[in-house]
Amino acid sequence: MQRLPGIAVSPGVAIGEALVLDHEGIRIPRRFLARGATEAELARLDRAIADATAEVEHNRERIAEQLGSDYGAIFSAHVQMLNDPRLRQELEELIRERHYSPEYSVSRVLRRYAKVFQALESDHLAERASDIFDIERRLLKHLLGERRGEIAHLDRQAIVLSRELTPSETANMNPEFVQAFATEIGGPGSHTAIVAEGLGIPAVVGLGPFVSEVSGGETVIIDGDAGVVIIQPDEETLARYRSIIEDQKSASVELAKLGDLPAVTTDGVTIQILGNIEFPSEIPLCLERGAVGIGLYRTEFLYLKGDTEPNEVEHYAAYKEVAEALGDKPVVMRTVDLGADKLSMLPQPEDERNPFLGLRSIRLALKYLDMFRTQLRAILRVSAEGNVRIMFPLISNLIELRRAKMVLADAMEDLQEEGIAFNRNIQVGMMVEVPSAVIMLDQFVQEVDFFSIGTNDLVQYTLAVDRSNKDVAALYTSADPAVLRLIKISLDVAKAHDKPISLCGQMSGAPIYTMLLLGLGLRAFSVTAAAIPEIKQVIRAVSIAHCEQVAQRALKLESARDVKTYLREELSRVAPDIVI
């Protein structure tokens with residue numbers, strides 16, 4: 001049994017069979033053989049070895065001709081390994097005696113070989129592990145043939161393990177079949193993490209190298225609450241986690257009873273709980289759990305579904321579905337909040353060394369105005385059919401905001417000339433995600449109708465922490481005193497100018513921060529459907545007076561660790577059944 005610590009980015013626990021993914025697609029679609037299939041499968045293994053050998057021989061001849069025989073010799077070693085009688089014997093034993101599929105046998109044996117090389121003290125010999133992986137990929141390619149598939153086309157339940165998953169790969173996951181996933185790299189607040197939470201798929205990221213040690217079909221536990229992945233768990237661990245899953249199901253049933261109850265503190269203060277959604281399909285669950293509207297509709301999924309830019313018809317159809325589902329309840333539609341590196345349909349930046357500081361969000365929109373106008377036109381058209389509001393992300397200065405509003409005004413003018421209906425008085429807001437926006441908030445209040453504090457980016461930019469870098473991920477925390485002070489400044493300025501302000505991001509959906517945020521003055525939470533019940537539970541268990549005392553104490557603490565410890569103690573007093 002291996003227990004691997006990582007970063008929890010989407011809650012929940014899952015137990016299932018591993019499906020190891022690489023850049024070529026799914027590696028091992030099945031583990032065991034059907035009865036009586038042994039001889040046919042051995043023949044298929046032999047054909048794969050022969051085909052892979054021919055492929056390597058062709059490469060050897062081509063490279064030797066172009067670069068010389070010394071370089072071609074590299075491939076000669078691959079041919080020898082592919083046709084090693086001991087390898088063939090090991091594979092046959094697994095297929096005959098354990099009834100493993102050839103794919104699973106190849107992966108299991110060659111990955112064991114690779115681990116031996118990787119453990120050697122000699123760097124030269126350790127590098128040979130890459131040769132082993134290359135042979136594994138070749139054999140699997142020929143074994144799987146047309147049965148290889150992409151993650152979007154899974155037809156059975158599995159736990160996906162990969163070095164990395166892009167937001168588009170995650171967006172195309174079917175929660176019916178993807179029980180959970182874990183990746184070697186990644187961090188909290190990434191689009192991949194956000195999409196996973198929106199889909200309700202438990203996920204752990206930032207585990208470091210581990211995929212090469214796992215074969216498809218092995219039992220894996222993903223603990224998206226604690227940020228742990230367990231490979232080949234023993235019976236005691238399996239039993240414990242099965243019990244955890246049952247307890248979570250029971251707790252969900254109890255929390256569901258809060259759906260029809262108002263989010264009101266014990267001293268009678270009503271708190272707005274709004275939903276965060278990535279996909280229109282999330283709306284019914286948000287409403288069922290008591291959301292009074294949608295405080296953040298992320299529109300990125302439209303850009304991540306394929307390699308072509310979505311047109312106005314596609315935008316309009318998605319937005320109309322949301323507006324119709326909500327009726328007269330409000331929905332805040334945020335314009336595209338992606339980096340150019342995530343959009344394959346756009347030219348890739350030539351010198352994008354740090355995407356978080358580069359061409360992303362409103363900067364991207366203002367560079368590609370046609371794409372921006374297309375989205376704005378669709379949002380405006382839908383505003384005639386529902387309580388729609390528009391919000392610009394990552395605004396860092398007044399000029400950016402004014403340029404975005406000018407493009408919006410141009411889109412309005414175009415629609416008016418075309419005789420297309422829209423709400424001319426649509427409310428316009430902005431995300432508060434960078435320190436410069438907080439510092440200048442007293443100027444921004446004159447320009448917008450509402451604000452939303454985006455804590456994921458605010459934490460990142462305040463603390464100068466790349467949230468996707470596992471080496472510094474521990475520094476990424478909403479509990480840092482500097483972050484708390486920036487949130488308090490934002491809430492105070494908005495209140496002084498009577499501007500509505502909400503807070504979204506992972507912080508808003510974490511019960512440990514609910515009392516603190518209430519005490520700082522927050523009266524509108526924008527959270528995922530999964531987080532609504534627990535946030536409501538805390539709200540209904542506390543008074544504003546108590547929360548203000550908690551906030552005052554927390555603001556005096558010196559470190560994020562001290563803040564978290566204190567908040568955890570306070571939460572345990574009012575809601576002891578909530579597990580943090």
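How near do the axes of helix α3 and helix α4 come, and at what angle do they cross? To find out, start with the ground rules. This is a predicted model, in which local features need pLDDT of at least 70, side-chain atom pairs count only at pLDDT 80 or more, and totals for chains, interfaces and linings use all residues. Residues are numbered from 1 along each chain as its sequence is written, and side-chain values use heavy atoms, leaving out hydrogens and water.

Select residues 85–97 (α3) and 102–119 (α4): their axes come within 9 Å and cross at roughly 130 degrees. Helices here are DSSP runs (H or I, at least four residues); axes are lines fitted to C-alpha atoms over the stretch in contact, with angles from 0 to 180 degrees between N-to-C directions.

Next, show the side chains in contact (heavy atoms within 4.5 Å). In α3, select Leu-87, Glu-90, Leu-91, Leu-94 and Ile-95; among their partners in α4 are Pro-102, Val-106 and Tyr-113.

Now colour domain 1 (2–25 + 148–251), domain 2 (38–144) and domain 3 (258–574). These bounds come from an automatic or database domain assignment. The C-alpha centres of domain 2 and domain 3 are 50 Å apart.

Finally, select Gln-537 in helix α21 (residues 532–539). Leaving aside residues up to four places away in sequence, Gln-537 touches Leu-255, Leu-258, Asp-577 and Ile-578. Leu-255 is 282 residues from Gln-537 along the chain, yet their C-alpha atoms are separated by 7.8 Å.

Definitions and conventions: Helix = DSSP H or I, 4+ residues; strand = E, 2+ residues; numbered from the N terminus.
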